[in-house]
Amino acid sequence: MEKEKNVSHDAKKQQSRENERFAKLIPEVPTDIALWREVITENFPELILPAEVGLSIIAQLLIGDIKNPFALVYVDVPSSGKTVVLNFFSTAKELAFTTDNFTPASFVSQAAKKKKEELAEIDMLPQIRYKTLIIRDLAPVFSKKDENVQEMLGILIRVLDGEGLETSGGIHGKRGYTGDYLFMLLSASTPIRPRIWKAMGNLGSRLFFVNIGGAEKSETALANQLKKPCREKEILCREVTENFAKTLWSKYPDGVLWDMEKDEQSLLEIIARLAKILARLRSSINVWKDSNESKKYDHTQPITEMPDRLNQLLYNLARGHAIVCGRENITKEDLSIVMRVALDSAPPNRARVFKNLIKSSGVLATNQVMDILKCSRPTALKEMEQLVILGIVEPSEDLAEASSLHFTGRPESEIALKEEFKWFLTNECHLLIHRS
């Protein structure tokens, strides 16, 4: 009898959590994906794909079996549209928590000037539960000293497990939250520095990235922008995005019970390939100079995360996009979004070389890499050698001699994509890249 009571109590707690997770929302104007795309494209055509990725992340909150937060950072130079995209999602207060002033310590506060009983009121973690945390600028976090960046990334990585966070402080002692603390994260930053990529690689990054890729506008395009103020266009996009999100939440008041058997095996295998290549591409290689031989360098074995978590998160992204498109099963349309996010979430130089390997039938020479990266020959050789170390490409016989990681020597070398990654040279892959 006692056991039955406990089971009943646990079931009620589970039901209570589910009711809390799925906000009951009604749109002012019911909106479908076609209308949403039409409004965004009319006002900010260059931002339609980044915005659709953002929607696909928010929609994951509706899928009942998803327990892992998804964190995305929009990256580009200032005034490229990063903040504009984030603002599209900021007005639905039931679904979003916005902040301009953020440190990872905000999740569970240890503020000395507050009484312990007051801290729960300012802790961010319970406030963002089952919502999307929108941080308009993550660059200040990335600009800290290396030891501070490591500490901040450590906290961020922990909360992105979705299991809460506990901290210990000298004044307030141990405090925090454990259990189901699912949330999504959207943020923006100027281009990420190499030292930050290295730190994330060593710790095991939970962050994904999308490059806005804004092109410089012509004088005519800039002049035409003046005819309709940016703020007016942004307000229209905010309204249609809020109505679309609320339409989804009204369509699925109890969330989505996803039937994984409906997803084709071939599509799941593509997601797995993307997870494996991303895990390799953003591995950390720690390099140092040999003190005895001034021209010789050595390196550790790459620190490569297992692809399992990436695999799950990329699958969740595909499912979120399917929900946005009105489906409860994934298709190749969803994989184009996944492809874009996966290839943008690797260190920029490696990503550029890999993308150009795909375009060049899987083979690149030193001069081509120099042109792609706009860099010197030693830098190009170094990047090529790193892809060899990561097990992504095969080297030509002379690359080891020519690479700046070993000895400066012969001027021209080649790398070729390894057999296990040859799928990226197929028409199927090229079509997915083209659609993204």
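Q: How many bridges join β2 to strand β3, and which way do the two run?
A: Strands (E, at least two residues) and helices (H or I, at least four) are DSSP runs numbered from the N terminus, and two strands pair if DSSP finds at least two bridges between them. Here four bridges join β2 to β3 (residues 132–135), and the two run parallel. Within this pair, A96 stands opposite T132 in β3. The model is predicted, so local features need pLDDT of at least 70 and side-chain atom pairs count only at pLDDT 80 or more, while totals for chains, interfaces and linings use all residues. Residues are numbered from 1 along each chain as its sequence is written, and side-chain values use heavy atoms, leaving out hydrogens and water.

Q: What is the order of the strands in the open sheet?
A: The five strands are ordered β2-β3-β6-β1-β7, with parallel pairing. β2 (96–99) and β7 (207–211) each have a single partner strand, so one side of each lacks a neighbour in the sheet. From one strand to the next, the twist averages 20°.

Q: Which strands does helix α3 lie across?
A: Contact means heavy atoms within 4.5 Å. Axes are lines fitted to C-alpha atoms, for helices over the stretch in contact, and angles run from 0 to 180 degrees between N-to-C directions. Helix α3 (residues 48–58) lies across β1 (71–75), β3, β6 (184–189) and β7, at about 165° to β1. Helix α14 (residues 332–344) lies across β1 and β7, running at about 105° to β7.

Q: At what angle do the axes of α14 and helix α19 cross?
A: Angles under 35 degrees count as roughly parallel, over 145 as roughly antiparallel, 65 to 115 as roughly perpendicular and the rest as oblique. The axes of α14 and α19 (residues 427–435) cross at roughly 80° and come within 8 Å, so the two helices are roughly perpendicular to each other. On the α14 side, K332, L335, S336, M339 and L343 meet E428, C429, L432, I433 and R435 of α19. The residues of this contact divide into six nonpolar (Ala, Val, Leu, Ile, Met, Phe, Trp, Tyr, Cys and Pro), three charged (Asp, Glu, Lys and Arg) and one polar (the others, Gly among them).

Q: Is S361 buried or exposed?
A: Buried means under 20% relative accessible area, exposed over 50%, and partly exposed in between (1.4 Å probe, protein chains only). S361 has a relative accessible area of 60% and is exposed. The residue is in the loop between α15 (348–359) and β10 (363–365), and its phi is near 60°, a positive value in a residue other than glycine.
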